[in-house]
Amino acid sequence: MTQEAPLPSERRARLIARVRETGSARVSDLSRVLGVTPVTVRRDLALLVAEGTLEKVHGGARIPARGTGANGGSGSGGLGARTGASTGVPLPEGMFTGDDERPTIGMVVPSLDYYWPEVIRGARAAAHDTARLILRGGSYDVDQIRHQLAALVSDDGGPGVDGLLVAPPVDGPDATDLADWLAGLDLPVVLMERRLVGGPYREPLESVATDHALGSGTAARHIAERGHKRVGLVTSRTSPHSAAVRRGFLAAAADLEFDVVLDLETAPLAGAEWATDAATVLDECTETGVTAVLVHSDREAISLVELARERGMRVPADLAVVAYDDEVAALADPPLTAVSPPKAAIGAGAVELLTRRLADADRPVHRIELSSRLIVRASSGD
């Protein structure tokens, strides 16, 4: 006969008894003893902390210190429901670290100096008074990203985060292992500009990402609208977005029936091979009669324009250029037409998803996809 699950009141009584017995208890220990998921334990702890029965510590709970009975921790008769001013999302009771009543969110991004600063600003604006952000800069290396994440969730001196926002690598066996590790954490995770599956059933992790294929397709349609028939595509060899950018551009080109006669991957601008790769791009543009090119990303597009000018090529008269990313495209000479992903909205959306997940652990997994927009400037002609 299948044993019936205890009622919530019975489960919480057992939880309190376990904490009293041990002095303090971790979420993982309580989950094992009670036979329920860590999410259920966290919800029960949040309720018991809110009413003053227990005191939250990193990774679990303990009996409140002497002098803080029911509702004594706040001195205000308990914590009422709170709504974030910036997102309108109700916060879960008791999800806080230390004296800060807001949930603590760890945020790990691969770069602090390109693309991601705007994502960070969006997350910070959305969090405002609804959550506390702890930012860590990683890299595009799986081991370093995992090291940063492990430090945030560690029980040994970690900051005690209630959830994670992360942009992990997505290719290769190490990335698959990282996705499984993330899926197995007993706290919510939202991916930014990434899509991954994890766990034994390869289920999707929650995510907010740009539809980069749609964005590059928009660029292709803009190029076709300007009358170009022989076009080129230059993507970054190291960017996780390159595959989607290429897919969208080639699909739009096939639909519009113009020829992509140049399709090259290049090293990033900072790489030792960039100068050679850029020269190859311009050589092939001349040899194949390419009159317009989409370049991923801004930095490489700006450099390519400068090198073209040194060869006597005029932009856009001889070669129209569209950049992808729109980080610094407007500052080029001439200003570059660019596909602009909604970077701030990615950060804001990730915070909102995570906050909603903390408030309702049983809601369906959300995978949100946002659209880029095309900013037309002088580099693609009138």
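**Entry 1: two helices in contact.** I looked up which residues of helix 2 and helix 3 touch, and found that Val27, Leu30 and Ser31 in helix 2 meet Pro38, Val41, Arg42 and Leu45 in helix 3. Sorted by class, this contact of helix 2 with helix 3 has five nonpolar residues, one polar and one charged. I note that the model is a predicted one.

**Entry 2: the angle between them.** I then looked up the geometry of the pair. Helix 2 spans residues 27-34 and helix 3 spans residues 38-50; they pack at an angle of about 110°, and their axes are 9 Å apart. Angles of 65 to 115 degrees count as roughly perpendicular. I therefore record helix 2 and helix 3 as roughly perpendicular to each other.

Entry 3: I turned next to an open sheet of six strands, whose order is 7-6-8-9-12-18 and whose pairing is parallel. At its edges I found strand 7 (132-137) and strand 18 (367-370), each of which pairs on one side only. Neighbouring strands of this sheet are turned by 15° against each other on average, direction ignored. I also note that strands of a sheet pair through backbone hydrogen bonds.

Entry 4: I followed strand 6, residues 104-109, to its pairing with strand 7, which is in the parallel sense and runs over six bridges. For Thr104, I found the bridge partner in strand 7 to be Arg132.

**Entry 5: a helix across the strands.** Last, I looked up helix 4, residues 116-127, and found that it lies across strand 6, strand 7 and strand 9 (189-192). Helix 4 runs at about 170° to strand 6.

Methods
Residues are numbered from 1 along each chain as its sequence is written. This is a predicted model: local features need pLDDT of at least 70, side-chain atom pairs count only at pLDDT 80 or more; totals for chains, interfaces and linings use all residues. Side-chain values use heavy atoms; hydrogens and water are left out. Two strands pair if DSSP finds at least two bridges between them. Helices (H or I, at least four residues) and strands (E, at least two) are DSSP runs, numbered from the N terminus. Axes are lines fitted to C-alpha atoms, for helices over the stretch in contact, and angles run from 0 to 180 degrees between N-to-C directions. Contact means heavy atoms within 4.5 Å. Angles under 35 degrees count as roughly parallel, over 145 as roughly antiparallel, 65 to 115 as roughly perpendicular and the rest as oblique. Ala, Val, Leu, Ile, Met, Phe, Trp, Tyr, Cys and Pro count as nonpolar, Asp, Glu, Lys and Arg as charged, and the others, Gly among them, as polar.
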